[in-house]
Every structure is written in structure tokens, then in C-alpha cells.
Amino acid sequence: MVDSARRQRAEPEAVGPSRKGSRVARNRAQRGRRRRFTGQIVLAVVAVVVLVGVFVGAKLWHTVFGAGDDYTGDGKRDIVIQIKDGDSTTMVGETLQHEQVVKTVRAFVNAAHGNSKISSIQPGYYRMRTEIPAANAVARLTDPNNRVGRLVIPEGRQLDDTTDMKTNKVNPGIFTLISRATCVDLDGNQHCVAVEELRAAATNSPPAALSVPPWAVEPFTELGKDHRRIEGLIAPGTFNVDPSASAQTILSGLISAGAVEYMKSGLGDTAQTMGLSPYDILVVASLVEQESKSQDFAKVAQVIYNRLHAHHTLEFDSTVNYPLDRREVATTDADRAQKTPWNTYVSQGLPATAICSPGTDALHAAEHPEPGDWLYFVTIDAQGTTLFTKDYQQHLANIELAKRNGVLDSAR
């Protein structure tokens, strides 16, 4: 009992220190748990950041290079894609992937690696096929036969087809050239923008819709509903046209490009200096283009200006033949008597529009005519030798020489 009592008395003395130690241990344990919890949170945040980074990186990689797989088979359908100036191989691959031609950019880049032809692909439009192997896409792009929409307009060409009455040869006009350039075979069906569509767009579209430059709006409007009101506004040159675009869009793009090309020569400033409109100079350039050889361009331009200043009718057969869609033919009295907006036998001044698309040399001559007092010129032989004079009697003698040499259609 004594031992029991002692134990009972001693127990409270022993309990004090034991509880204090327990509290310390518990506090330490709690702090440890908090540190572990904080560490776990940090690790979780780091893990989330890493996962997000991996996800974003994977998405970016997939966007640029795809999943690394490729299509097989012959494809689904034919389409037309555009390669832009300055496109790299990767950018071309991105276009092809976007249009579902190839499955991944990486497959195309890999297929194009080491192919020297791929780096020489010209900007323009190409016939491709959706869902084809990347190697096939490379082969199609480097095949010239798949290039579409390439338009070449020679100097001196007019909108409508013309017939050379000496040879009976038909020269395709700008409308025909555009129509041919837009022709593309898609899944066995031929698609073209028809000449009639182009002529209708030129006839019915307002000037803004055709991108007619401000300096040509007035003569454009004055001719009313005649498709020839855009004659000369499309410059000669090589262009890329979208075969899938509308006739109005195609003409608008070409006229806009023409205005830029013409202004490169300083046409606006030159016109102001000469006291003419840019359109007048363009018309003069078209006459120069049709009436003479390049070596005589500047002299013929001066003859035109001299006649205009003297209020002399120009009397150019080219202006008579223009609405008749004829070339290289001497006109008859009946032809010259017809009153048209272009006939310079019956009306003074310049024709209503240009009569063709003048080239750079003809435009330069119209802007920089060779000084001289000539009023007449005539080509006297088959080699194109042309004589210039201000004396009418001398001009008549030159005409007789041209007759003896069998050259009559160039007499003035």
C-alpha cells in the first residue's frame, strides 16, 4: 500500500515534464508537416509549369512541323494554291498543310531537302492535289506543267483579237490572253474565265471596282458602256493571275499594276511639265507604238505633238482600224469616213482612248519626244525606213517613193 501510495503521489510529479516534451514534439511535427506540405505545393506548381510548357511546345512543334506523319495514296481533289514572293520552303510547307495538300510541314521539308529545283520555284499559282504524299507535292511543284495563271501581255497588244489582213493571222487580244491564262484542269474539268465575262466586267464595272487611276477616270467615264474604256490601262508585262478569281477582280489587279508601272517613268511629273494629262501621254504612246518602229518612236511622238499644236488632224490609219479590229492594212475612203471615237481623220485631237498597251520605249518617247518641226512621215520600204518632213510637197514626193517600193499603208 505504501508503494502504491508513493506511486500515486509520485505520478503527478512525473507527469509535468513528460507533457511538456510531448508538446514540443508535437510542434516540431506540425512544423515538419507544414514544410512538407509547402514543398509538395511547390513541386506541384513546378510540375504544372513543366506540363504546360511541354503542352505549348508540343502544340508549337505540331503547328510548324506536324506530327511527323504523311499522307499516302493518290489524293482527294485538285486545287490551286499560291506561292508568294519570298516564301521559304517551310512557308511553302505551311501553305500546303493549311490547304490539306500535305499532312505535315515536316514531311514536306524533309521531302524537299536536297532538291535544288524547290528553291527555284517562282511566285505564282500551282495546280496541286489534296492529301498526297509530301514527295508527290514536291514533284508537282517542280513540274512546270502545274504552273497556272501565268499571263504574258506583249507590247502593242489591244483588248480584242485583231486580224492581220495581209496574212489573215489572228492575234489574240488581252482578253483572250487572260482567259487562256486562267484555264486550269481540275479533276478532269476545264475551268476558265471566259472572254465574255472579262468584256462584261470592263463594260459594267464602276471605275473604283476596276482600280482605274484618278487620272483616267474622266475618259473612262466619257466612253460610257464600251469595254474599250479600259484600253491601254493594262500595261504589257508578265503577271500572275488567280484562276479562281472573278473577271472584275482580275481586271482590277491588272489595271492597278499597270498604273504603278506607268508611274515608274515619272508620268505624272512629265505630264504636268508638258501641260498634258498622264492619260493624254498614254494615248500618244499607244499611237507611237502602232505607227512606227522603235528607232523612230521619239520622232513620231514629236510629229503627233506638232500636229496637235497646229490643230491638224492626225490622220492615222491605226485609229481607223482600231475599232474594226484590224492590223497592218491600208484604209479605204469609206473606212476613213466613218465617225468613231477613235477616227483621227474625221476628228481633231487624240482618239478617245489608247489604241493598245504601249511598251516602255513608246511611253518614254511620248514623254521625251525628239525635238523637230516635222509634220509628216512615211515609211518608204520593207526595211522600215521612214522619212520625216514639215513640207507637204516633200511629203507627197516621199509617198510616191513609197508607192514605187510597194509600201502604201504607212503613208501620211
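Is Phe377 buried or exposed? In this predicted model, Phe377 is buried, with a relative accessible area of 1%.

Let us start with the rings. The structure holds five aromatic pairs. In one of them, the rings of Phe316 and Phe377 have centres 6.0 Å apart and planes at 65 degrees; an angle over 60 counts as edge-to-face, so this pair is edge-to-face. The two partners come from distant parts of the chain, 61 residues apart: Phe316 sits in the loop between α11 (297-309) and α12 (317-321), while Phe377 belongs to strand β11. Both Phe316 and Phe377 are buried.

Phe377 also pairs with Phe388, and here the geometry is stacked, because the planes stand at 25 degrees, with the ring centres 5.7 Å apart. This pair again links distant parts of the chain, with Phe377 in strand β11 and Phe388 in strand β12 (residues 386-389), eleven residues apart. Phe388 has 15% relative accessibility, and since buried means under 20%, Phe388 counts as buried. Taken together, ring pairs join Phe316, Trp374, Phe377 and Phe388 into a cluster.

Arg336 lies over the face of Tyr345, at 5.6 Å from the ring centre.

Next, a helix. Helix α10 (residues 278-291) has 14 residues, which at 1.5 Å a residue should span 20 Å; the end C-alpha atoms are 20 Å apart, so expectation and model agree. Helix α10 is also mostly covered, with 13 of its 14 residues buried.

Now for the cysteines. A disulfide is a covalent bond between the sulfur atoms of two cysteines. A search of the whole structure finds one, and it joins Cys183 to Cys192 with an S to S distance of 1.9 Å. The torsion about the S-S bond of Cys183 and Cys192 is about 120 degrees, so the disulfide is right-handed. Cys183 is partly exposed at 24% relative accessibility, and Cys192 is partly exposed at 35%. Cys356, by contrast, is buried at 0%.

Our last stop is Glu370, in the loop between α14 (360-367) and β11 (376-379). Glu370 is partly exposed, with a relative accessible area of 35%. Leaving aside neighbours within four places in sequence, Glu370 is in contact with Ala298, Lys299 and Gln302. Glu370 and Asp296 are 74 residues apart in sequence, yet their C-alpha atoms are 9.4 Å apart in space.

Note on methods: Residues numbered from 1 in each chain as written. Predicted model: local features only at pLDDT ≥ 70, side-chain atom pairs only at ≥ 80, totals over all residues. Heavy atoms only, no water. Helix = DSSP H or I, 4+ residues; strand = E, 2+ residues; numbered from the N terminus. Buried < 20%, exposed > 50% of the residue type's maximum accessible area, 1.4 Å probe, protein only. Contact = heavy atoms within 4.5 Å. Disulfide = S-S within 2.5 Å. Expected span 1.5 Å × (residues − 1). Phe/Tyr/Trp six-rings, centres within 6.5 Å; stacked < 30°, edge-to-face > 60°. Lys NZ or Arg CZ within 6 Å of the ring centre and 35° of its normal.
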